[in-house]
Amino acid sequence: MHNFRKLNIWLKSVELVTDIYRLTNTFPDCERFGLKSQMQDAAVSCPTNIAEGSAKSSNKDFARFLEISLGSLYELETELLVSSNLGYTDSEKYETLQNRIIELEKMIVVFKNQLDK
């Protein structure tokens, strides 16, 4: 078992969730149950699955939860692009968040590969 509170992937993903919530709270009201909700769900899914997976008794089980976290980040990356295309996210904020998402994706892949060994 791993202590998720000490994992950089968990810490960085919690920070990302906070920033995604701040961003989506600026979206128009028409997105309340649409893109805003989708992005918040995808963002919070990442650290949640890391935390849940860390409690599993085997690295194989934990790796499965990391894959779910990774899938959530891919989803978030796509939704962030859509928000940019719709003009809800300015280009500077989009690039900053996209780069952080990609960095986190890479970190999760590296960590998962270490678990798989």
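Contact means heavy atoms within 4.5 Å. The model is predicted, so local features need pLDDT of at least 70, side-chain atom pairs count only at pLDDT 80 or more, and totals for chains, interfaces and linings use all residues. Residues are numbered from 1 along each chain as its sequence is written, and side-chain values use heavy atoms, with hydrogens and water left out.

**Exercise 1.** Determine which helices the buried residues of α4 pack against.

*Solution.* Helices (H or I, at least four residues) are DSSP runs, numbered from the N terminus. Helix α4 spans residues 91-116 and has 26 residues. Buried means under 20% relative accessible area, with a 1.4 Å probe and protein chains only. The buried residues of α4 include Y94, L97, I101 and F111. The buried residues of α4 pack against α1 (8-24), α2 (35-54) and α3 (59-85).

**Exercise 2.** Identify the residue that caps the N-terminal end of α4.

*Solution.* The cap is D90, which has a side-chain oxygen 3.1 Å from the backbone nitrogen of E92.

**Exercise 3.** Classify the pair of F4 and W10 as stacked, tilted or edge-to-face.

*Solution.* Rings of Phe, Tyr and Trp (its six-membered ring) pair if their centres lie within 6.5 Å; planes under 30 degrees apart count as stacked, over 60 as edge-to-face and the rest as tilted. The structure holds 3 aromatic pairs. The ring centres of F4 and W10 are 5.0 Å apart and the planes stand at 75 degrees, so this pair is edge-to-face.

**Exercise 4.** State where in the chain F62 and F111 lie.

*Solution.* F62 and F111 form an edge-to-face aromatic pair, 5.7 Å centre to centre with 75 degrees between the planes. F62 lies in helix α3 and F111 in helix α4, 49 residues apart, and the pair thus links distant parts of the chain. Both F62 and F111 are buried.

Notes:
Helices (H or I, at least four residues) and strands (E, at least two) are DSSP runs, numbered from the N terminus. The expected span of a helix is 1.5 Å times one less than its number of residues. Buried means under 20% relative accessible area, exposed over 50%, partly exposed in between (1.4 Å probe, protein chains only). A polar contact is a pair of N or O atoms within 3.5 Å; within protein, one must be able to donate a hydrogen and the other to accept it, and residues adjacent in sequence count only if both atoms are side-chain atoms.
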